[in-house]
Amino acid sequence: MVDLRVGPALVVPVTAAPFTGWVEATGGEITHVGPEPSGAPAREEYDAAGRIVIPAFVNTHCHTSQQLGRGVADDVDLLTWLHERIWPYEVALTEADSEISALACAVEQIRNGCTLIADPGGRHVDGMARGLAAAGIRALLGRSTMDSGEGRPAADQESTVEVLGRQDELAARWHGVGRLRFSYTLRTIFNNSDELIVATIERARALGTVAQMHVAEIPEENEHVRRTRGTTTVRHLERLGALGPHLLAVHAVWLDDEEIGLLAERGCPVSHNAASNLKILGTPRVADMLDAGVVVGLGTDGAPSNNRMSVIDEMWLASIVQKGLRRDPTVLPARKVLEMATIDGARALGMADLVGSIEVGKRADLVLIDPRTPNLATAADPVSALVTAMKSENVESVLCDGEWLMRERRLTRVDEAAVLDEAAGRAAAVRARAGLP
């Protein structure tokens with residue numbers, strides 16, 4: 001007996017050629033993919049005629065605790081953004097705020113076809129975990145960690161031992177609970193000691209997850225590391241033995257050829273956040289990274305640094321920006337960008353054995369796309385159009401682990417209107433407590 005049969009639809013497995021056919025799942029696992037349905041009876045058959053079925057998107061960098069801070073840090077440089085806007089905002093958050101912030105963020109992710117996020121850390125991980133669990137998506141949870149450097153809020157003045165101990169407690173509490181995993185995190189090298197970096201990577205390896213770190217975001221970061229460590233961020237991480245598959249290098253904007261080569265040689269994945277980078281940081285050499293063999297996934301960053309929390313938007317932007325940077329329209333073709341948003345994102349998070357493509361044995365994290373809209377209906381190549389023309393409005397239904405999180409544009413687990421009303425009220429209250437406009 002099959003739990004769910006979806007078809008006939010244009011199935012885009014990502015790791016294989018598209019075809020018209022069916023996808024079936026039992027117990028949350030994909031059990032059949034093919035041009036004809038299996039002969040087994042099905043408890044539920046979903047008529048997907050005229051639809052496109054794709055693997056759910058992977059968001060490799062998503063600050064859930066910043067969802068209530070959309071718009072509080074527009075039009076400022078990174079250090080002003082961090083020290084004068086984001087840190088006061090984060091200190092003003094309560095655990096209940098963090099829970100509704102994560103839940104509202106998850107709602108936005110589901111509506112944009114994303115079921116797996118990597119959260120690089122907040123102050124109230126228990127609240128974040130409850131919000132994400134309520135929505136039903138997958139997540140790598142992190143706790144924002146700093147043990148050194150200038151500018152830290154008084155509430156975040158923690159020693160290396162305290163930082164690691166609190167993360168160990170959270171890993172014991174949340175890793176492997178439902179669809180959640182824990183991920184040790186590092187804020188930036190401005191505020192992370194070498195001792196913390198080394199210990200964090202060791203713990204990530206032992207836990208079997210990636211450590212997340214903002215890396216080479218701005219030129220001032222490399223200048224700071226030259227003054228304090230004698231070289232650039234990536235070279236120093238290499239010297240510490242931190243580069244490798246267990247470190248997710250987020251942003252990675254200001255790199256030279258040798259540093260790109262180091263990332264490729266060590267198998268260190270990168271999270272590319274096209275909109276956030278353009279707004280605050282710069283334009284990374286993503287096409288060069290891909291040419292070198294670096295695994296690159298896509299991320300939205302947080303609401304205050306992007307405002308559009310959609311991997312769909314990131315696909316389009318990542319593609320056209322790199323074409324312009326290289327002055328080459330053949331750079332980052334649509335199918336490659338789709339891989340970055342799915343299977344490559346899963347690889348970057350060490351979860352490609354579970355999700356990121358439509359294959360028998362993987363979890364049934366699927367998105368049904370409705371192309372019957374002005375932006376998609378006339379597309380000559382519907383697969384390329386997923387990157388070049390698709391919008392959030394085309395996401396019709398979303399499954400995670402074979403469970404409908406959104407069915408025919410209606411969320412199944414949460415009262416969306418109530419969540420957004422509470423989020424708006426809490427956002428205003430947080431801004432007031434933080435003294436932000």
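This dialogue walks through several features of one predicted model.

Trainee: What should I keep in mind about the model and its numbering before reading any feature?

Mentor: The model is predicted, so local features need pLDDT of at least 70 and side-chain atom pairs count only at pLDDT 80 or more, while totals for chains, interfaces and linings use all residues. Residues are numbered from 1 along each chain as its sequence is written, and side-chain values use heavy atoms, with hydrogens and water left out.

Trainee: How many residues does the largest nonpolar core have, and which of them have the most contacts inside it?

Mentor: A nonpolar core is a set of buried Ala, Val, Leu, Ile, Met, Phe, Trp, Tyr and Cys residues joined through side-chain atoms within 4.5 Å, where buried means under 20% relative accessible area, exposed over 50%, and partly exposed in between (1.4 Å probe, protein chains only). Here the largest such core has 120 residues, and those with the most contacts inside it are Phe57, Leu132, Leu141, Met315, Leu338 and Ile369. Its largest share, eight residues, comes from helix α2 (residues 95-111); helices (H or I, at least four residues) and strands (E, at least two) are DSSP runs, numbered from the N terminus. Apart from this core lies another, of 16 residues, among them Leu4, Ile30, Tyr46 and Leu368.

Trainee: Which residues does methionine 315 touch?

Mentor: Taking contact as heavy atoms within 4.5 Å, and not counting residues up to four places away in sequence, methionine 315 touches Phe57, Leu298, Val337, Leu338, Ala341, Leu386, Val387 and Met390.

Trainee: How many salt bridges are there by the rule used here?

Mentor: Side chains of opposite charge can pair when their charged atoms come close. The rule asks for a side-chain nitrogen of Lys or Arg within 4 Å of a carboxyl oxygen of Asp or Glu, and by it the count comes to 43 salt bridges. In one of them, arginine 5 meets glutamate 24 at 2.6 Å, N to O. Arginine 5 lies in strand β1 (residues 2-11) and glutamate 24 in strand β2 (residues 19-26), so this pair ties together parts that are 19 residues apart in sequence. Arginine 5 counts as buried because its relative accessibility is 6%, and glutamate 24 counts as buried at 1%.

Trainee: Where in the chain do arginine 138 and aspartate 365 lie?

Mentor: Arginine 138 is in strand β8 (residues 138-141) and aspartate 365 in the loop between α14 (343-348) and β15 (366-369), 227 residues apart. Their side chains meet in a salt bridge at 2.7 Å, N to O, and both residues are buried. Salt bridges that share partners join Glu29, Arg138, Arg179, Arg363, Asp365, Asp401, Glu403 and Arg413 into one network.
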